[in-house]
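Please keep the sequence and the 3D view at hand while reading.

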Amino acid sequence: MRPIVILLAVWLPCVSARRIAFAELRAGVSAVDITPVEFPLNMPGGFRDNMAEGVHDPFFSRAIVFGDGESKLALLVVDNLGLAPAVIEEAKALAAEATGISKSRMLIASTHTHSGPSLNGKTGPERSYRRLLVRGIANSIIEAHANLEPAFVGAGSHPLPEEVFNRRWFLKPGKMPLNPFGEMDQVKMNPSRSPDVLDRPAGPTDPDVMVISVQDAKRQPLGLFANYSLHYVGATPRKLLSADYFGEFARLMPTRLRAGEGFVAMMSNGTSGDINNIPFGVTRPPREPFEQIRVVARKAADAAWFAHQKIEQHRSDISIDMRERELTLRYRRPSEAVEKRAREIVEMDDDEAIRRLPRLATDYARRTIAAAERKEDSVTVKLQAIRIGDVAICAIPFETLVEIGLELKSTSPFRQTMVIGLANGRYGYLPTPEQHRLGGYETWLGTNYVQKDASVLIEAELKSMLAELASAK
């Protein structure tokens with residue numbers, strides 16, 4: 001190292017202070033096991049309790065911390081359905097106290113595995129797991145910060161179109177059922193795959209696997225932060241917790257990159273609110289539990305390898321920057337007529353409800369009443385935009401529909417832009433106004449909680465933040 005120090009000393013008068021900061025890029029990675037140890041735990045994501053009794057594959061909180069001599073930031077991906085904001089804030093506070101990194105410079109995203117444990121439990125095993133979860137998330141930041149070392153960064157992307165499908169469909173005439181509110185939508189989520197039913201998908205997909213690659217001073221793989229707009233795969237072993245394809249991807253990547261001990265890979269969830277892994281109009285051979293997860297993870301790992309191969313150069317002469325803004329959104333409220341009907345529905349006995357009502361009518365009647373009785377009129381969410389050299393990241397705390405991510409990517413002033421959903425909280429689905437007009441599961445009151453033009457406001461805020469980051473380079 002001594003010759004390098006002498007070289008810097010010789011050139012010190014000839015370069016700017018900012019250039020010195022560029023030369024100090026550092027990164028550290030960590031993976032902390034957050035696998036539950038007490039059972040039973042509820043695996044949410046549906047309309048009925050689904051109690052887990054064991055673990056199929058482990059859960060982790062994975063972190064990369066960057067520093068450029070002037071500032072630091074942390075990127076985390078946590079194996080969870082969707083972390084509650086209170087859990088995230090508690091973990092951030094612990095990590096901030098230990099590392100000095102501001103909470104506003106931490107991005108904590110959930111993978112959205114539907115075979116993950118509950119995040120809001122207050123009694124028994126769920127209460128114990130909450131404590132383990134908070135400490136594990138904080139420790140992953142603390143350990144990654146302690147592991148900071150000189151680093152080089154690059155980014156690339158590669159398409160994997162055959163595993164993403166828009167799940168919202170227009171159906172052929174006469175095939176659309178009534179929704180839980182007794183109304184007729186224009187599109188349906190996850191309809192029958194029969195060609196006699198399907199007309200056309202109601203939106204696009206985002207096929208790209210994007211990666212941010214980190215190498216150490218010897219140009220060996222240190223970490224990989226990936227992103228793919230696929231909701232989850234599912235079909236996991238019954239009653240067992242699983243990190244889904246996100247965890248299997250992380251397990252495979254060290255082999256793909258011939259990485260050594262200490263390498264950490266993570267897969268974040270993109271804008272996948274209307275994207276799943278069901279090949280509509282195609283008959284897929286039967287799969288055993290977890291098999292399709294392995295198929296998707298293997299293909300995603302291959303795509304990540306190809307993306308990595310496309311990176312022309314890993315660089316250390318870059319700076320990092322980050323913005324966090326709060327945005328207040330109005331909660332949706334039912335009309336008096338809708339609320340009245342909801343109360344009538346919940347008073348019906350089960351047999352009458354089954355006989356007279358559309359599927360899920362009772363569930364959404366309860367959600368409608370909860371929306372009417374909500375004490376708060378609005379909710380304040382956190383949005384983040386990050387710059388790592390000439391690459392940008394946008395973070396949105398919703399199950400975000402794919403059109404929003406595609407719009408942010410296409411208008412970004414940066415060479416490549418990653419858009420992460422379920423980041424820094426989970427506030428329901430985020431459709432565009434156009435998708436709201438079509439109806440369907442992602443737009444229903446009780447699935448979508450905030451004002452119908454929320455996506456417009458969020459896009460505008462993030463575009464402003466990206467422009468600010470670009471002008472500050």
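## Helix H4

Helix H4 is made of 23 residues and spans 33 Å from its first C-alpha to its last, close to the 33 Å expected at 1.5 Å a residue. The model is a predicted one. The buried residues of H4 are Glu126, Ser128, Tyr129, Leu133, Val134, Gly136, Ile137, Ala138, Ser140, Ile141, Ala144 and His145. Their packing partners are E1, strand E2 (41–42), E5, E6, helix H3 (85–99) and E7.

## The eight-stranded sheet

Eight strands make up an open sheet with mixed pairing, and their order is E7-E6-E5-E1-E8-E13-E14-E16. At the edges are strand E7 (106–110) and strand E16 (264–269), each of which pairs on one side only. From one strand to the next, the twist averages 20°. Helix H4 (residues 124–146) packs on this sheet, where it touches strand E1 (26–33), strand E5 (60–67), strand E6 (72–78) and E7. The direction of H4 makes about 150° with that of E1.

Strand E14 (residues 221–228) is paired with E16 in the parallel sense, over six bridges. Two residue pairs can be picked out between them: Phe225 stands opposite Met266 in E16, and Tyr228 has Asn269 in E16 as its bridge partner.

Asn227 belongs to strand E14. It has a relative accessible area of 2%, and Asn227 is therefore classed as buried, the cut-off being under 20%. Its side chain makes a polar contact of 2.9 Å with the side chain of Ser268. Apart from neighbours within four places in sequence, Asn227 is in contact with Asp208, Val209, Met210, Met267, Ser268, Asn269, Gly270, Met418, Val419 and Ile420.

## The four-stranded sheet

A further open sheet contains four strands in the order E18-E19-E20-E22, and its pairing is mixed. Strand E18 (320–330) and strand E22 (416–420) are at the edges; each has a single partner strand, so one side of each is left without a neighbour in the sheet. Direction ignored, neighbouring strands here are turned by 15° against each other on average.

E18 and strand E19 (residues 378–388) run antiparallel and are joined by 11 bridges. Across this pairing, Leu329 stands opposite Val379 in E19.

Asp321 is a residue of strand E18. With a relative accessibility of 13%, Asp321 counts as buried. A polar contact of 2.8 Å links the side chain of Asp321 to that of Arg323. Not counting residues up to four places away in sequence, Asp321 touches Leu73, Arg105, Ala385, Ile386, Arg387, Leu469 and Ala472.

## Helix H12

Helix H12 (residues 454–471) contains 18 residues, and the distance from its first C-alpha to its last is 26 Å, close to the 26 Å expected at 1.5 Å a residue. Buried in H12 are Ala454, Ser455, Ile458, Glu459, Leu462, Met465, Leu466 and Leu469. Why do these residues line one face of the helix? Seen down the axis of H12, the buried residues fall within an arc of 130°, so they share one face. An α-helix has 3.6 residues a turn, so residues three or four places apart point the same way.

The buried residues of H12 pack against E18, E19, strand E20 (391–395), helix H10 (402–411), strand E23 (429–430) and helix H11 (433–438). One of these residues, Leu469, is also among the residues that Asp321 touches.

## Residue Asn50

Asn50 is in the loop between E2 and strand E3 (51–52). Its relative accessibility is 30%, and Asn50 counts as partly exposed. Leaving out residues up to four places away in sequence, Asn50 touches Leu41, Asn42, Met43 and Lys239. Asn50 and Asp363 are 313 residues apart in sequence, while in space they are 16 Å apart, C-alpha to C-alpha.

Terms used
Residues are numbered from 1 along each chain as its sequence is written. This is a predicted model: local features need pLDDT of at least 70, side-chain atom pairs count only at pLDDT 80 or more; totals for chains, interfaces and linings use all residues. Side-chain values use heavy atoms; hydrogens and water are left out. Two strands pair if DSSP finds at least two bridges between them. Axes are lines fitted to C-alpha atoms, for helices over the stretch in contact, and angles run from 0 to 180 degrees between N-to-C directions. Contact means heavy atoms within 4.5 Å. The expected span of a helix is 1.5 Å times one less than its number of residues. Buried means under 20% relative accessible area, exposed over 50%, partly exposed in between (1.4 Å probe, protein chains only). The arc is that of the directions from the helix axis to the C-beta atoms. A polar contact is a pair of N or O atoms within 3.5 Å; within protein, one must be able to donate a hydrogen and the other to accept it, and residues adjacent in sequence count only if both atoms are side-chain atoms.
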